[in-house]
Structure formats: C-alpha cells, structure tokens
Amino acid sequence: MTTAIAFLLAATFLISVGGLALLIWALANDQFTLGERAASTIFGPDEIGQVEDPATPTAALAEMQRERGELEEASAQQTTVFEARAEADKSSGWPVRWWLASSLVWLVVGSIFGVIASLKLHMPDWLIEDAAMTFGRLRPAHLNVVAYGWASMAGVGVGIWMIPRLFRTELVGGHFAVAGAAIWNIGVAVGTLALLAGFSDGMEWLEFPWPVDIALVTGGALAGVPLVLSLLARRVQHLYVSAWYLLAALIWFPMLFVTGNLPSLFGGVEQSMLNWWYAHNVLGLWLTPLGLAAAYYFIPKIVGSPIYSYGLSLIGFWALALFYSQVGLHHLIGGPVPTWAVTISIVHSVMMVVPVIAVSLNHHMTVANHWRLLLYSPTLRFVTAGAMMYTMASVQGSLESLRAVNAVTHFTHYTVAHAHLGVYGFYSFVMFGAIYFILPRLTGHEWPSPRAIGAHFWLVFLGFIIYFWPLTIGGWLQGLAMLDPARPFMESVTLTEPYLIARSVGGTLMTIGHLIFAGHAWFALYGVGPLREDPALFRSRIAHGPATT
Amino acid sequence: MTRALGIVAGAAMILLFAALMIVVMPSVQLQSASQPPEGLKPYSPLAAEGRQVYISLGCVYCHSQQPRDPSLGPDYERGWGRPSVPGDYAYDSPHLLGTMRTGPDLLNIAVRQPSQDWQLTHLYNPRSVMAWSIMPAYPFLFEHRDEALPDDVVVQLPPDYAPDTGVIVAKADAIALVQYLLELDRTYPVDAIPTAAVDTAGD
C-alpha cells in the first residue's frame with residue numbers, strides 16, 4: 001500500500017516535470033502562436049469591431065453596432081471573406097440541419113420524460129399501472145435522451161457548422177455526417193424504447209443495451225469523418241482554440257464510450273470505478289469541450305473583439321484535459337474503493353479551479369467590455385448566461401468534492417441540482433445561443449419572431465432558477481437530516497416534498513420554453529421568417545444575396 | 001497551436017493516463033481484496049433473476065447499496081450494516097452501488113425486513129405499510145384474482161388497499177425480486193474493514 005502510494009507520487013512528479021519540460025520546449029520552438037494575431041483567426045481583415053448576430057433583427061443590429069462603435073465602409077477584401085464564409089456555411093448546411101433538427105426533437109422528448117419523473121417523486125401513485133411509466137425507467141430515459149439525443153446531437157451539429165469556418169475551407173465529406181445523424185437517431189430511439197421496456201445495462205450513463213452502443217459508435221464515427229477531412233483540407237496555419245476542443249472531444253468520446261461499454265471488462269467494485277470514470281468524463285471531456293468550443297467562437301464573434309487573453313485559453317485547455325480526466329471517483333467518496341484513488345479524484349476536482357478561472361476570465365472579460373450588447377443580441381444573452389453558469393457549476397463541483405461537503409450532499413437531490421447547473425445551465429444555454437446564431441445562416445431567413453426568442457429565454461432562465469435553488473436547498477437539508485442519527489430516515493424524505501414540487505414547477509416552465517424554441521426553430525427551418533438582407537452584416541453593401549437559398 | 005496531431009495525441013495520452021490512475025491501478029490493487037469473503041454466498045438462480053428485475057425497474061436510482069464508514073454518516077446506527085468492503089460485491093455485475101438515497105440503503109435489507117409478506121405488501125403499495133413513503137407502487141407486478149390458485153402467493157393487504165372482492169397475488173417477477181431482496185445480507189464478519197477511509201474523513 002505504502003509502496004503503491006510512493007510509486008504514484010513519484011510517477012506524478014516525474015510526469016509533471018516531463019510535461020513542464022515539453023511545454024517549455026514547445027514555447028521555445030514557437031509551437032504555440034499566441035496573442036492577438038492568433039486570437040483573430042476567426043475574423044476577416046478589418047472585421048474586428050464589427051458586431052454580428054443573425055438572431056438580432058436587422059434594425060436592432062444597426063442599433064447594436066452603434067452601441068459597439070461605428071465602423072468605416074467595408075473593404076473589397078472583406079467582401080471576399082464574407083463570400084468565402086457564405087460558401088463554407090453552404091457546404092455544412094445539410095449535416096448541420098440534420099443534427100440540430102434531431103437534437104431539438106430529443107430536447108422536447110427528454111424534457112417531457114424529466115417532468116413526468118419529477119412529478120412522480122411527489123405524486124407516487126400517479127401513472128403506476130404501466131411498468132414503462134415507472135420512475136425507475138423514466139429517469140434513465142430522461143438522462144439518456146437529453147445526454148445522447150439533445151446535448152450530443154446539438155454539440156455535434158454546432159461543431160460541424162464551426163469546422164469550415166475554423167479551417168477556412170468548405171466542409172469535406174458532409175454526407176458522412178448526414179448518414180451519421182440517421183444512425184445516431186435510430187440508436188437513441190431504439191435505446192430509449194429499450195429502457196422503457198426494461199432492457200437496461202444497469203449502470204448510470206451506460207444504460208443503453210449493446211446494439212445501441214454499436215449504433216452510436218458508428219453514427220459518431222461517421223460524424224467525425226468531415227472533421228478529419230476538413231482538417232486535412234484546412235487553409236489556416238493557426239488552429240483556433242475552438243478547434244482544439246473539437247479535436248480533443250473527437251478523440252475522447254470514442255475512447256470513453258467504447259471502454260465504458262466493453263462487456264464484462266470488470267465486475268463488482270472495479271466496475272463502479274470504470275462507471276464513474278466514464279460518466280464524469282462524458283460531462284468533462286465530451287459535453288464541456290463542445291460547449292466551450294462554441295462559447296469561444298460565438299462570444300468574440302458577436303461582440304466583434306478577439307478573446308481577452310489567448311494565452312489563458314491555452315492554459316485552460318490543457319489544464320482541463322489533465323484535471324477533468326481524473327475527477328470521476330468523487331462519485332464514490334465513502335464507498336468501498338481504495339481511498340487513495342478517491343483522493344486523487346478529489347485533488348483533481350479542486351485543481352479544476354485552474355482551467356475554470358482561465359476560461360471564465362476569458363469569456364467574462366470579453367463580454368464585460370461590451371456588456372451593453374447583451375441588450376440586443378439573443379445569442380450573446382444565452383451564451384453569456386451559459387458561460388456564467390459554467391463558472392458557478394465548476395466552482396460548486398470543486399467544493400462538492402471535498403469530503404466535508406460531500407458527506408452532506410453525496411446521496412441527495414443537491415447532486416441532481418448540480419448536474420443540471422452544468423448540463424443545463426451551462427451547456428444547454430450555450431447550445432441554445434449557438435442555434436439562434438446558426439439557423440439564420442443556414443436558411444437565409446431571420447427568426448420569425450423575436451418575441452418567441454424572448455419568451456424562450458425568460459421561461460428557461462426563470463424556470464431554471466425555480467428548479468435549481470429549491471432543489472439545492474432541499475437536497476442540503478435532506479443531507480443534514482440523513483447525517484443526524486437522532487432523526488429517523490423518514491424525515492429526510494418528507495422534508496423534501498415542497499422542494500420537489502418547486503422542481504416540477506421549474507421543470508415545467510423550462511419544458512414550455514423548449515416547446516416554444518423547437519416550434520420556432522421548425523418554422524425558421526421552413527423559411528417562414530423575413531428574408532435576411534445579406535449574409536454577414538447589415539452595414540456592408542455586398543451584392544450577393546443571402547448566405548444560402 | 002498549429003499541430004492537430006499534437007493536440008489529438010496529447011489529449012488521448014492524458015485520458016489513458018487518467019484511466020491508468022483511477023481505474024486500472026486501483027483495480028490491480030483490489031484483485032485480492034475483491035475475492036468473495038467466506039460468509040458470502042452466490043445469489044440463488046431465483047435471486048439472480050430478481051436482480052435483473054431490480055435493474056430493469058431502476059431501483060438503483062433511489063437506493064444505494066454501500067453502507068458507509070461511521071465517520072461519514074450514521075449508516076450503521078440506522079441498521080444499514082457495517083461499512084461494505086470490495087469483497088461484498090464479488091458476485092455483482094453490473095454493480096449497483098448507487099448514488100442516491102431517496103430511499104434507504106439496501107445492501108442489508110434482508111436483515112431488517114426478512115419477511116416475504118412484508119416485502120410483497122410494500123411493493124404492491126409502499127404507502128400501505130409506511131404512509132410517508134414516496135416510493136412508486138408496483139401494481140403491474142401483481143395480479144387480481146377472484147380466488148387464489150394453489151400455487152399462488154397471496155399478498156396481505158390492509159383493508160384500505162385490498163380489493164373489494166378477490167385477492168391480489170404476486171407475479172413471478174415480484175417473487176424473484178423479493179427473493180433477491182431476501183438475499184441481500186452482508187452482515188457476515190470480514191477481516192479488514194478499510195480503516196483508511198476513517199483517517200481522512202471529514203478533513
């Protein structure tokens with residue numbers, strides 16, 4: 001035991017020193033081109049200072065630009081950039097449509113499962129006649145639909161849309177991604193029906209039966225093809241920070257998903273460690289990089305200003321990779337697993353503060369200089385709210401992993417609230433914003449109703465506050481009650497009731513918001529909204545119609 | 001950064017390293033520790049079937065199976081049993097350690113509720129035995145009959161929950177599930193309770 005610890009400490013030390021040496025070498029040899037120039041690769045010449053948000057109605061966009069500062073006339077050079085970008089958007093149009101439209105369907109389905117499951121916790125005698133509608137089946141159905149249906153598909157769709165823009169090329173091999181979307185959808189649909197019918201692999205986040213796993217691996221691999229092909233065809237020297245996250249997510253997810261689903265690799269306690277290594281990494285190394293890639297692209301793009309500090313984004317990326325990959329075992333604190341391994345996870349959970357501060361500073365400082373633009377741009381409002389909740393969720397997660405805090409929160413609804421702060425508050429908000437930005441670029445039409453965008457924002461924002469705070473407080477009280485041997489277990493159950501009801505109310509508001517959003521997007525995809533005057537900007541007078549027709 | 005391959009390779013290496021640290025290394029260490037202790041018997045065939053019902057109905061989403069060390073909570077005082085050790089799970093695949101205690105820990109439920117009758121009544125409608133319970137009722141695991149057949153297991157119900165006529169009998173899934181619960185007993189003595197968990201708790 002002592003030898004094992006000594007070995008691990010020595011190994012950790014050597015690896016850290018090795019990593020540091022590698023970093024110094026890379027810096028000395030200019031492997032990282034940092035600074036303003038690199039951060040500006042997502043902008044065309046003279047484009048900095050120019051706001052952009054296709055979800056803002058044309059008139060309001062003019063207003064928004066005045067707020068940001070007037071610009072001189074567009075140069076001819078700029079026109080070429082816009083035309084190239086319009087071509088890029090056109091090339092990714094169909095795969096993006098497929099992945100995003102599917103994700104919206106799953107968002108609605110998953111939310112409805114979630115609301116029913118939530119209601120059942122305070123109405124236990126409702127909908128009990130059918131096994132498919134029991135809480136223990138709806139809950140995994142909710143989780144898998146929102147994780148693999150909504151979150152993953154939205155993230156892949158947004159990723160595919162960013163690829164040609166990041167690599168300044170057309171999307172190569174887009175039809176692979178269309179096929180991938182079809183197979184992925186079949187996988188999620190069959191998997192969900194299987195869970196409702198009672199066929200589950202039994203481990204959280206890994207419930208889908210093996211044929212579904214094969215479908216997701218195939219669909220995901222097909223979606224990865226255009227990323228690789230476009231990467232090879234790239235016409236940029238420097239890879240922008242969003243591309244790092246996309247590339248890393250591309251390699252991480254298949255590694256995780258395949259390992260996690262390998263049959264009978266382990267049993268018993270060993271399996272629980274694999275389970276939570278997988279489950280937390282799906283959040284940390286799949287959804288988080290996709291969400292951060294989007295935030296790193298859209299925030300600077302909308303405010304027309306490069307990211308606050310490009311050097312910080314580098315630290316943020318590698319620190320996230322190093323620390324996030326080892327936090328999984330904090331789900332087993334106090335469990336029958338080796339304490340030193342759990343401690344490694346706790347240490348890394350706390351170290352997550354490093355990338356979180358780096359990323360947060362970058363996002364918040366970029367917005368803070370132009371915060372009044374939040375009044376005009378729906379995309380910016382969603383993405384900024386998401387980025388703020390990323391900071392909150394991450395700091396909360398670090399605290400929650402400490403043994404003293406974890407003793408209270410571990411088996412309670414507090415954890416559920418925290419999980420939603422991450423996947424919903426951060427990730428889903430960023431994806432909402434990204435989709436508001438992307439859809440007009442796909443269709444060449446504005447969003448039909450700015451009012452519906454506002455309704456969506458306030459419903460999900462207020463709904464989430466009503467969801468999050470009561471559940472957090474209720475979960476904490478539940479934990480305190482369970483820790484007190486003088487109070488019967490019953491108390492920890494009964495005291496949560498009002499908080500669980502509040503959660504159902506919040507969840508219902510969020511679901512109504514999703515229905516408005518999905519319906520609105522449906523109309524937008526059918527081109528109901530007013531035609532956009534030009535693909536990139538209200539102010540340039542380019543004579544070449546909408547981005548795509 | 002300019003090298004895509006560097007990013008991808010670096011990212012992959014880091015993840016492999018993480019798997020080595022928090023999955024492979026502890027598993028290697030546990031290889032001897034997770035041998036079944038003397039007191040642990042494999043599940044009977046019926047209980048193994050019942051375990052599948054437990055998985056299929058998602059009991060794990062509200063019930064943990066891992067009593068913790070006294071320093072982390074009064075699990076022992078609540079009668080949930082001694083802290084569990086890796087060997088206790090030697091026959092468990094998939095593992096069902098759980099992460100929620102919306103309901104109580106079940107690793108030693110057979111000791112607290114050893115009666116098949118009680119378990120069946122509770123499954124039919126938990127509120128028939130504990131008014132405050134928020135556990136779902138599972139009527140689909142039972143059948144309503146005018147008269148019990150010779151092999152039927154009849155569920156004992158208080159008047160408020162009993163049908164007006166006839167009897168409620170348990171289906172095969174209910175019998176199997178209850179058998180699994182009745183075999184959840186890890187109260188046999190074990191050599192080493194991991195005291196390391198005690199030293200560092202609460203710091």
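Modeller: Gladly; we will take the terms one by one and set each value against its definition.
Modeller: This is a predicted model, in which local features need pLDDT of at least 70, side-chain atom pairs count only at pLDDT 80 or more, and totals for chains, interfaces and linings use all residues. Residues are numbered from 1 along each chain as its sequence is written, while chains are lettered from A and ligands numbered from 1 in the order in which they are written.

Biologist: What confidence does the predictor give the complex?
Modeller: The complex has an ipTM of 0.93 and a pTM of 0.93. Residue by residue we use pLDDT, the predictor's confidence on a scale from 0 to 100. Chain B averages 91, and 93% of its residues score at least 70. Residues 195–203 of chain B, however, have a pLDDT that stays under 50.

Biologist: Why is chain A called as compact as a globular protein of its length?
Modeller: The radius of gyration is taken over C-alpha atoms, and the globule rule is 2.2 Å times the number of residues to the power 0.38. For 549 residues the rule gives 24 Å, and chain A has 23 Å, which is close, so the chain is as compact as a globular protein of that length. Along the principal axes, the C-alpha atoms of chain A fill a box of roughly 75 × 60 × 45 Å.

Biologist: What makes up the secondary structure of chain A?
Modeller: Chain A has 18 helices and zero strands. Helices (H or I, at least four residues) and strands (E, at least two) are DSSP runs, numbered from the N terminus.

Biologist: Why does Leu320(A) count as buried?
Modeller: A residue is buried if 20 or more other C-beta atoms, placed from the backbone, lie within 10 Å of its own, exposed if 12 or fewer, and partly exposed in between. Leu320(A) has 25 such neighbours, so it counts as buried. This leucine is found in helix α10 of chain A. Of the 549 residues of chain A, 59% count as buried.

Biologist: And why does Ser128(B) count as buried?
Modeller: Ser128(B) has 20 C-beta neighbours inside 10 Å, so it counts as buried. Ser128(B) lies in the loop between α4 (116–124) and β1 (142–145) of chain B.

Biologist: Which residues is Ser128(B) in contact with, leaving aside its neighbours within four places in sequence?
Modeller: Two residues are in contact if their C-beta atoms, placed from the backbone, lie within 7 Å. For Ser128(B) those partners are Thr121(B), Leu157(B), Pro158(B) and Tyr161(B). Ser128(B) and Tyr161(B) are 33 residues apart in sequence, but their C-alpha atoms are 6.5 Å apart in space.

Biologist: What makes a set of residues a nonpolar core?
Modeller: The members are buried Ala, Val, Leu, Ile, Met, Phe, Trp, Tyr and Cys residues joined through C-beta atoms within 7 Å. The largest core here has 183 residues, and those with the most contacts inside it are Ala249(A), Ala294(A) and Ile435(A). Its largest share, 23 residues, comes from α9(A). A second, separate core of 33 residues includes Ile55(B) and Tyr124(B).

Biologist: How many residues of chain A are in contact with chain B?
Modeller: 77 residues of chain A are in contact with 66 residues of chain B. The largest share of the side of chain A that touches chain B, 10 residues, comes from α9(A).
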